[in-house]
Amino acid sequence: MQSARYAGPPMFARGGKRRTLVAWAAIPLVIGIGIGLLIGGNLQSKSPENTGATPTAPVEPVQLEYTDMPCDPGSSVLVLHSLEGAMRAEDVKTLLDYETMWVQHREGVNPALRGQTAFLSRRDDVCSAIVPNDTRFTQFVWLGPFQSDIAPSLCEALLKVTGKNCIPAQVVR
């Protein structure tokens, strides 16, 4: 039978010199981080004068320009969007700008699109033949007027789906 050999003190009690060395090495690291935070944090000016940032101008609310829809016999408009009243003015303006940009981008496909811009009308300023029964829709984004016979082809020129996101509508029925 073999006797158990003495292995010395338990593992956690060994290496007192190593723990002391690690502790002494960690102290300068902590001090260095503290000094870096003090230097980096306290040397920056808290006043906006020295930050190089320009003062922000007060944001003005977006003003929408409404247009009466022309209701001439024999003409049509392309109704692109029927909008609910809860939509923010900034979002409506973005939508108008996008549709105008898209028409300008696609005007080479059909000459009838040249010089066209997207218009916005209130429900009361839209031709009675176009106003839907659903009263949620209070604003309409549209293009036109165009001759009624070419209006459907303009939806294709704009790469829109006729009846979905482009409705060629005769203004007088």
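What follows is a short chat about a predicted model of a protein chain.

Visitor: What kind of model is this, and how are residues numbered?
Guide: The model is predicted: local features need pLDDT of at least 70, side-chain atom pairs count only at pLDDT 80 or more, and totals for chains, interfaces and linings use all residues. Residues are numbered from 1 along each chain as its sequence is written, and side-chain values use heavy atoms, with hydrogens and water left out.

Visitor: How many helices and strands?
Guide: The protein chain has 3 helices and 4 strands. Helices (H or I, at least four residues) and strands (E, at least two) are DSSP runs, numbered from the N terminus.

Visitor: In what pattern along the sequence?
Guide: The pattern reads α-β-α-β-β-α-β.

Visitor: What percentage of the residues count as buried?
Guide: Of the 173 residues, 26% count as buried. Buried means under 20% relative accessible area, exposed over 50%, and partly exposed in between (1.4 Å probe, protein chains only).

Visitor: Salt bridges next. How many are there in the whole structure?
Guide: A search of the whole structure finds 6. A salt bridge is a side-chain nitrogen of Lys or Arg within 4 Å of a carboxyl oxygen of Asp or Glu.

Visitor: Which residue does Arg 136 pair with?
Guide: One of its partners is Glu 84, with the closest N and O atoms 3.2 Å apart. Arg 136 is in the loop between strand S2 (119–122) and strand S3 (137–147), while Glu 84 is in strand S1 (residues 75–84), so the pair ties together parts that are 52 residues apart in sequence.

Visitor: And how far apart are the closest N and O atoms of Arg 136 and Asp 134?
Guide: They are 2.8 Å apart, and this pair is a salt bridge too. Bridges that share partners join Glu 84, Asp 134 and Arg 136 into one network.

Visitor: What is the relative accessible area of Arg 136?
Guide: Arg 136 has 46%, which makes it partly exposed. Glu 84 is also partly exposed, at 35%, and so is Asp 134, at 29%.

Visitor: Which residue meets Arg 88 in a salt bridge?
Guide: Asp 91 does, at 4.0 Å, N to O. Arg 88 is partly exposed at 49% relative accessibility, and Asp 91 is partly exposed at 33%.

Visitor: Changing topic: what is the volume of the largest pocket?
Guide: About 180 Å³. On a 1 Å grid over the protein atoms alone, a pocket is an open set of points where a 1.4 Å probe fits, with protein on both sides within 12 Å along at least five of seven lines; lining residues have an atom within 4 Å of a point. The volume is the space filled by probe spheres set on the points.

Visitor: Which element gives the largest share of the lining?
Guide: Helix H2 does, with 4 residues. H2 (89–106) and S2 are the elements that give two or more residues. Lining residues include Lys 93, Leu 96, Asp 97, Thr 100, Phe 119 and Leu 120.

Visitor: Which residues form the nonpolar patch on the surface?
Guide: Trp 24, Ile 27, Ile 31, Ile 35 and Ile 39, with about 520 Å² of accessible area together. Patches are made of residues with over 30% relative accessible area and no salt bridge, and nonpolar side chains are joined within 5 Å. Ile 39 lies in helix H1 (residues 16–42) and is partly exposed at 48%.

Visitor: Last one: where is Cys 71?
Guide: Cys 71 is in the loop between H1 and S1. Cys 71 and Asp 125 are 9.9 Å apart in space, C-alpha to C-alpha, and 54 residues apart in sequence.

Conventions:
Patch = residues over 30% accessible without salt bridge, like charges linked within 9 Å, V, L, I, M, F, W, Y side chains within 5 Å. Areas by Shrake-Rupley, 256 points an atom, 1.4 Å probe, with all protein chains shown as cover.
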